[in-house]
Amino acid sequence: MNVSKAIHERRSVKTFSQKRHPTPHLIKKIIEAATWAPTHHMNQAWRFDVFRGKGLLKLAELDAQIHLDELPEETSEVTKTAIIERRCAKMMQYPFVIIVSIPRLRDRKSTYLEEIAAGAAAVQNMLLAAHEEGLATFWSTGKLAHNKKTKTFLDLAKDEEIIGVIRVGYPESEKKYEKWRKKREPVAKKLNWHEA
Ligand SMILES: Cc1cc2nc3c(=O)[nH]c(=O)nc-3n(C[C@H](O)[C@H](O)[C@H](O)COP(=O)(O)O)c2cc1C
């Protein structure tokens, strides 16, 4: 697949096949593609934590806990249990979840913003490589990425950031895949030429 085709075809997909799962080898392959992103001083300050099976269930329980923490104290046990079950079921639909975080390389000259920019380029590489392999992906952040409990879970420092929680699998159906297609604003609206 050529790069332009992959760029234009790739879309966020939120429903994944439960019958067919990618192999760990394929997941490693798309992460390897991520690591070819440009990076200032070749710092390569990115980290990929891959979750599936029992590992994913632990992440699901963390996600559920983060949602429970927001509830008023008087919330009933029945409601709490229902939330845990719903959050866990939702997470367990994803064949693989990859959390991308940016460690701080404290002895380097480049800024953390540069490391985050490089990390975002790495994620896009990964999404395009996945698309080429027929995989569907969904890059999210949300409560899980922003909560300090997730940083503790991953052993990240307080000032280190999670830039993506990436769901990966085969798409459930091409039809649903179409549903998520979103148009872009015309490039002319975003573009300034400086020529004189
Ligand atoms: C840093 C980042 C965070 C995102 N977080 C979320 C999210 O929390 N929830 C969500 O539904 N989509 C999230 N998205 C996905 C975007 O909503 C999606 O890419 C956008 O709607 C364009 O759709 P497309 O990927 O199909 O082109 C995120 C995307 C990026 C780059």
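Biologist: Which hand does the crossing of α3 and α4 have?
Modeller: The α3/α4 crossing is right-handed, where right-handed means the near helix is turned clockwise from the far one by less than a right angle, and left-handed means anticlockwise. This is a predicted model, so local features need pLDDT of at least 70, side-chain atom pairs count only at pLDDT 80 or more, and totals for chains, interfaces and linings use all residues. Residues are numbered from 1 along each chain as its sequence is written.

Biologist: Thanks! What angle do α3 and α4 pack at, and how far apart are their axes?
Modeller: Helix α3 (residues 53-69) and helix α4 (residues 77-92) pack at about 140 degrees, with axes 8 Å apart. That angle makes the pair oblique; under 35 degrees would count as roughly parallel, over 145 as roughly antiparallel, 65 to 115 as roughly perpendicular, and the rest is oblique. Axes are lines fitted to C-alpha atoms, for helices over the stretch in contact, and angles run from 0 to 180 degrees between N-to-C directions.

Biologist: And which residues of α4 make the contact?
Modeller: From α4 there are K80, I83, I84, R87, C88, M91 and M92, facing a set from α3 that includes L56, L59 and H67. Contact here means C-beta atoms, placed from the backbone, within 7 Å.

Biologist: How many of those are nonpolar, polar or charged?
Modeller: The contact of α3 with α4 has 11 nonpolar, 1 polar and 4 charged residues.

Biologist: Switching topic: what is the strand order in the sheet?
Modeller: The order is β1-β2-β4-β3, in an open sheet of 4 strands with antiparallel pairing. Strands pair if DSSP finds at least two bridges between them.

Biologist: Which strands sit at the edges?
Modeller: β1 (47-51) and β3 (136-140), each pairing on one side only. Strand β3 is joined to β4 (residues 161-169) by 5 bridges, and T137 stands opposite V168 in β4.

Biologist: How far is F153 from L59?
Modeller: They are 94 residues apart in sequence and 8.7 Å apart in space, C-alpha to C-alpha.

Biologist: Last one: how many helices and strands are in the chain?
Modeller: There are 8 helices and 4 strands, taken as DSSP runs (H or I of at least four residues, E of at least two) numbered from the N terminus.

Notes: Contact = placed C-beta atoms within 7 Å. Nonpolar A, V, L, I, M, F, W, Y, C, P; charged D, E, K, R; others polar.
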